[in-house]
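Please look through the sequence and the model shown here before reading on. The paragraphs below go from the whole chain to single residues.

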Amino acid sequence: MPRPRKPASPFRYFNSSPEVIRLVVMMYVRFPLSLRNVEDLLFERGIDVCHETVRHWWNRFGPLFAADVRRQRVSRMRGFRQWKWHLDEVYVKINGEMHYLWRAVDQEGEVLESYVTKTRDKAAALRFMKKALKRHGSPEAITTDGLRSYKAAMSELGNAAKQEVGRWANNRVENSHLPFRRRERAMLRFRQMKSLHNHFNLERHLTDRQTYKTRRSAALAEWQNLMA
């Protein structure tokens with residue numbers, strides 16, 4: 001039998017090393033920097049890269065790295081019996097127009113799904129939930145705010161019994177919006193929505209220093225192992 005072919009490296013057509021590309025994308029993800037900020041920081045480290053190259057690498061590898069991180073983490077979380085989701089929606093401005101960013105996170109704060117719509121009605125909630133359930137399966141419970149669109153969508157899906165609503169119950173997903181709000185203020189707009197994730201959102205203000213250092217080291221190690 002012929003040997004199965006190894007997947008082609010996504011870096012094969014690039015002259016720069018994979019380590020440099022991962023560093024550039026990590027800097028752009030980790031900090032609220034502009035393209036030219038990244039270019040200047042790299043130049044100080046002896047790496048001469050144009051800001052348009054930073055843009056190209058982000059567009060090319062950002063979604064790839066984000067998908068790998070999310071896929072690995074979600075596959076581990078599915079093994080927990082009490083897997084719980086938190087759903088919420090916020091206003092965001094994209095190219096000068098207001099939209100709704102729907103997001104689903106699990107009890108550990110990992111972003112499972114993001115979806116952008118122009119409305120906040122039952123149809124939008126239904127599309128978002130169908131997409132999340134199809135990709136990740138069904139959790140033990142789903143926590144939402146008081147938006148009636150969630151209840152209507154879950155009733156149609158037949159899982160209304162899993163809905164949990166409480167005044168403070170949805171703080172997990174509401175707090176997970178904060179890094180995006182900080183980036184939105186710093187950059188004045190969002191980039192490609194499919195690339196947004198919180199790999200480096202370690203919630204430093206909620207943990208002691210030793211826990212933060214452990215999580216930071218784990219996040220960096222996981223990032224460095226991508227595409228190795």
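What share of the contacts in the protein with a separation of 6 or more comes from residues 24 or more positions apart? The share is 58%, where a contact means heavy atoms within 4.5 Å. The model is predicted, so local features need pLDDT of at least 70 and side-chain atom pairs count only at pLDDT 80 or more, while totals for chains, interfaces and linings use all residues. Residues are numbered from 1 along each chain as its sequence is written, and side-chain values use heavy atoms, with hydrogens and water left out.

The protein has eight helices and five strands; these are DSSP runs numbered from the N terminus, with helices being H or I of at least four residues and strands E of at least two. Along the sequence they follow the pattern α-α-α-β-β-β-α-β-α-β-α-α-α. Of the 228 residues, 44% are buried. Buried means under 20% relative accessible area, exposed means over 50%, and partly exposed is in between (1.4 Å probe, protein chains only).

Begin with the strands. Strand β2 (residues 97-106) runs antiparallel to β3, and six bridges join them; two strands pair if DSSP finds at least two bridges between them. L101 stands opposite V116 in β3. Four residues lie between the strands of this hairpin, and G109 has a positive phi near 90°. Strand β3 (residues 111-117) is largely enclosed by the rest of the structure, because five of its seven residues are buried.

In helix α2 (residues 35-44), L35, V38 and L42 are buried. These residues fall within an arc of 65° seen down the axis of α2, so they line one face of the helix; the arc is that of the directions from the helix axis to the C-beta atoms. An α-helix has 3.6 residues a turn, so residues three or four places apart point the same way. The face of α2 turned away from the buried side carries the exposed residues R36, F43 and E44.

In helix α5 (residues 148-157), the buried residues are S149, Y150, A153 and M154. Their arc is 125° seen down the axis of α5, so they too line one face of the helix. The cover over them includes β1 (84-94), β2, α4 (122-136), β4 (141-144) and β5 (163-165). Exposed residues R148 and K151 are on the face of α5 turned away from its buried side.

Helix α3 (residues 51-77) holds W57, which is buried with a relative accessible area of 4%. Leaving out residues up to four places away in sequence, W57 touches F14, S16, V20, I21, V24, V25, V49 and G62.

Which charged side chains meet? The whole structure has eight salt bridges, each a side-chain nitrogen of Lys or Arg within 4 Å of a carboxyl oxygen of Asp or Glu. One joins R120 and E89 at 3.4 Å, N to O. R120 lies in the loop between β3 and α4 and E89 in strand β1, so the pair ties together parts that are 31 residues apart in sequence. R120 is partly exposed at 35% relative accessibility, whereas E89 is buried at 9%. Another joins E156 and K122, with the closest N and O atoms 2.8 Å apart. E156 lies in helix α5 and K122 in helix α4, so this pair ties together parts that are 34 residues apart in sequence.
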